[in-house]
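Subject: Structure for your review

Dear colleague,

Please find below the structure that I am handing over to you. My findings follow it.

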Amino acid sequence: KGQIGYYGDKLTWENTGEWRLGVATTPNDTLRKHNITDDLFRLYSKVGYQVINKLYISSSAEFQTTLWSAWNENAQTVKTAFLTPIRYNMTLGVDYKPMRNMSILISPLAYKMIYSFYGDDSGKVNVNNYGIEAGKHIINEVGSSLRFYWKYKPVREVSLETELDFYTNYKRVEVDWEIDCDFIINRFMSVRLELHPRYDNTVIMAGDERAKIQFKELISFGFAHKFR
């Protein structure tokens, strides 16, 4: 994950790039020994112009997709695959920054596009899982969104970063909340705790099925070094 930005007297331009890949063994899968557990390529850009103290008129754009196939257990179908799905969002609204490293972006106008490189006729994916109707590859819709971001360091050895995304098309909602906490052990070793609740009822579900809250938790130990 990397960040770069421009911060002028009135104009700000913030950019974030992120790539995540996780692989795990699959003891209950008779068709494969390993599977993709986390796959995300994401680019985010936000431009803001300060109108009054701590308040900006802002526009943002976000592109995210997956690059690898995450297979369903004991099946030849996938949850996600290369460029399946592609998500693109554009927003226009007001960005309130009450303190350093905190942003509350309220966007009355938000555009969402989801595209699937593979159609359901391929027999590989179920496009309903992305909110796309059967027989189609793409969905376009307009709604409203809220994005909350906060990075907090109570002490030098602890860093908390959280990002909450809320979107509604006025019929259904999509909520995605990521909470990452890093603990520095020494110059080269760190521990990371990741919590990721998610709720999305914009998907097209069969019969009487209803969307449920998804929750992912990850604790990792690894190497970390800052380049200044």
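Lys54 lies in the loop between strand E3 (34–52) and strand E4 (55–65); strands (E, at least two residues) and helices (H or I, at least four) are DSSP runs, numbered from the N terminus. This is a predicted model, in which local features need pLDDT of at least 70 and side-chain atom pairs count only at pLDDT 80 or more, while totals for chains, interfaces and linings use all residues. Residues are numbered from 1 along each chain as its sequence is written, and side-chain values use heavy atoms, with hydrogens and water left out.

The phi of Lys54 is near 70°, a positive value in a residue other than glycine. At 35% relative accessibility, Lys54 counts as partly exposed (buried means under 20% relative accessible area, exposed over 50%, partly exposed in between, with a 1.4 Å probe and protein chains only). Leu83 also has a positive phi, of about 55°, although it is not a glycine. Leu83 is found in the loop between E6 and E7 and is partly exposed at 22% relative accessibility. Most residues other than glycine have a negative phi, and most peptide bonds are trans.

The loop between strand E6 (78–80) and strand E7 (86–96) also holds Pro85. The peptide bond from Thr84 to Pro85 is cis, with omega near 5°. Pro85 is buried, with a relative accessible area of 7%. Leaving aside neighbours within four places in sequence, Pro85 is in contact (heavy atoms within 4.5 Å) with Gln64, Thr65, Thr66, Thr80, Ile114, Tyr115 and Tyr130. The C-alpha atoms of Pro85 and Tyr115 are separated by 5.5 Å, although the two residues are 30 apart along the chain.

Ile114 and Tyr130 belong to the largest nonpolar core, which has eight residues, the others being Val78, Ala81, Val125, Val127, Ile132 and Ile139. Such a core is a set of buried Ala, Val, Leu, Ile, Met, Phe, Trp, Tyr and Cys residues joined through side-chain atoms within 4.5 Å. Beyond its neighbours within four places in sequence, Ile139 is in contact with Lys112, Met113, Ile114, Gly131 and Ile132.

As for the chain overall, the secondary structure comes to zero helices and 13 strands. The C-alpha trace spans about 55 × 45 × 25 Å along its principal axes. Of the 228 residues, 36% count as buried. Among contacts between residues at least 6 apart in sequence, 48% join residues at least 24 apart.

Yours sincerely
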